[in-house]
Amino acid sequence: MRRLWVIALSGLLGMPAAQAAPTRDPATAQLLFADARRAAAAGKKQEAVRLCTGALRADRRHLGARHLRGVLHAQLGQWRKAEKDLSKLEWKRARDAVLLRLLAMTRVRQGKWMWAARTYQKLLRLTPEAGDLWLAFGYALYKVGDKGEAKKALAKAQGLGPKRVANAARVMQAILLHQA
């Protein structure tokens with residue numbers, strides 16, 4: 001019924017019916033998303049991004065297509081585009097640690113240290129025993145200029161992390177002590 005109304009109204013306004021109101025088609029979005037996953041698995045990242053974009057045109061709320069497109073943008077080094085897609089998912093998937101890790105990485109790559117620190121803080125609420133996250137959080141705080149909190153985070157990383165994380169935390173602590 002709504003479609004008929006749009007067609008009739010578009011005729012009165014002199015617009016083609018296709019431009020009058022984009023329709024939401026979850027079936028088309030799902031098919032395009034499946035093709036995008038196949039293209040991504042075959043290593044055709046640009047093609048997969050194009051198919052994900054088509055899926056999102058068909059259904060802008062398709063979370064899988066948005067997530068895959070964000071991951072592909074990150075793999076292609078298109079950090080701003082990756083952050084845009086992944087941040088739209090952040091509030092819908094607030095407990096998805098993998099998503100939050102990737103989002104934090106996109107923000108680090110762009111030099112958005114305050115945003116990265118906030119994302120690491122959310123991640124640490126989900127996985128407080130991850131030494132590598134404490135190290136990354138400490139480094140982000142260091143880059144923001146909050147050296148006191150950075151020292152605390154690095155001490156936590158040193159205590160929790162595997163050997164490589166603990167060693168990196170020691171190096172960062174030495175740098176902070178040297179600058180103090």
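This is a predicted model: local features need pLDDT of at least 70, side-chain atom pairs count only at pLDDT 80 or more; totals for chains, interfaces and linings use all residues.
**Entry 1: the overall build**

I began with the secondary structure. The protein chain has 11 helices and 0 strands. Read from the N terminus, the elements run α-α-α-α-α-α-α-α-α-α-α. Next I looked up burial. Of the 180 residues in the protein chain, 38% are buried. I also checked how far apart in sequence the contacts reach. Among contacts with a separation of 6 or more, 43% join residues 24 or more positions apart.

**Entry 2: aromatic pairs**

How many aromatic pairs does a search of the whole structure find? It finds 3. I took Trp 134 and Phe 137 to start. Their rings sit edge-to-face, 6.1 Å centre to centre, with 70° between the planes. That angle counts as edge-to-face because it is over 60 degrees. Both residues belong to helix H9, which covers residues 131-144. They are 3 residues apart, or about one turn of the helix. Trp 134 is buried, and Phe 137 is buried too.

Then I turned to Tyr 139 and Tyr 142. This pair is tilted, at 6.0 Å centre to centre and 35° between the planes. These two also lie in helix H9, 3 residues apart, so about one helical turn separates them.

Are Tyr 139 and Tyr 142 buried or partly exposed? Tyr 139 has a relative accessible area of 32%, so it is partly exposed. Tyr 142 has 17% relative accessibility, so it counts as buried. The cut-off I used for buried is under 20%.

I followed the ring pairs further. They link Tyr 139 and Tyr 142 with Trp 113 into a cluster.

**Entry 3: a charge over a ring**

I looked for a charged side chain over an aromatic face. Arg 118 lies over the face of Trp 115. The distance to the ring centre is 5.1 Å.

**Entry 4: two helices side by side**

My last stop was helix H10 (residues 147-160) and helix H11 (residues 163-179). Their axes are 8 Å apart, and they pack at an angle of about 155°. How do H10 and H11 run, parallel or antiparallel? The angle is over 145 degrees, so H10 and H11 are roughly antiparallel. The crossing of H10 and H11 is left-handed.

I then listed who meets whom. The H10 side includes Lys 147, Ala 150, Leu 154 and Gln 158. Across from H10, the residues of H11 include Val 165, Ala 169, Met 172 and Leu 176.

Note on methods: Residues are numbered from 1 along each chain as its sequence is written. Side-chain values use heavy atoms; hydrogens and water are left out. Rings of Phe, Tyr and Trp (its six-membered ring) pair if their centres lie within 6.5 Å; planes under 30 degrees apart count as stacked, over 60 as edge-to-face and the rest as tilted. Helices (H or I, at least four residues) and strands (E, at least two) are DSSP runs, numbered from the N terminus. Buried means under 20% relative accessible area, exposed over 50%, partly exposed in between (1.4 Å probe, protein chains only). A charge sits over a ring if NZ of Lys or CZ of Arg is within 6 Å of the ring centre and within 35 degrees of the ring normal. Axes are lines fitted to C-alpha atoms, for helices over the stretch in contact, and angles run from 0 to 180 degrees between N-to-C directions. Angles under 35 degrees count as roughly parallel, over 145 as roughly antiparallel, 65 to 115 as roughly perpendicular and the rest as oblique. A crossing is left-handed if the near helix is turned anticlockwise from the far one by less than a right angle, and right-handed if clockwise. Contact means heavy atoms within 4.5 Å.
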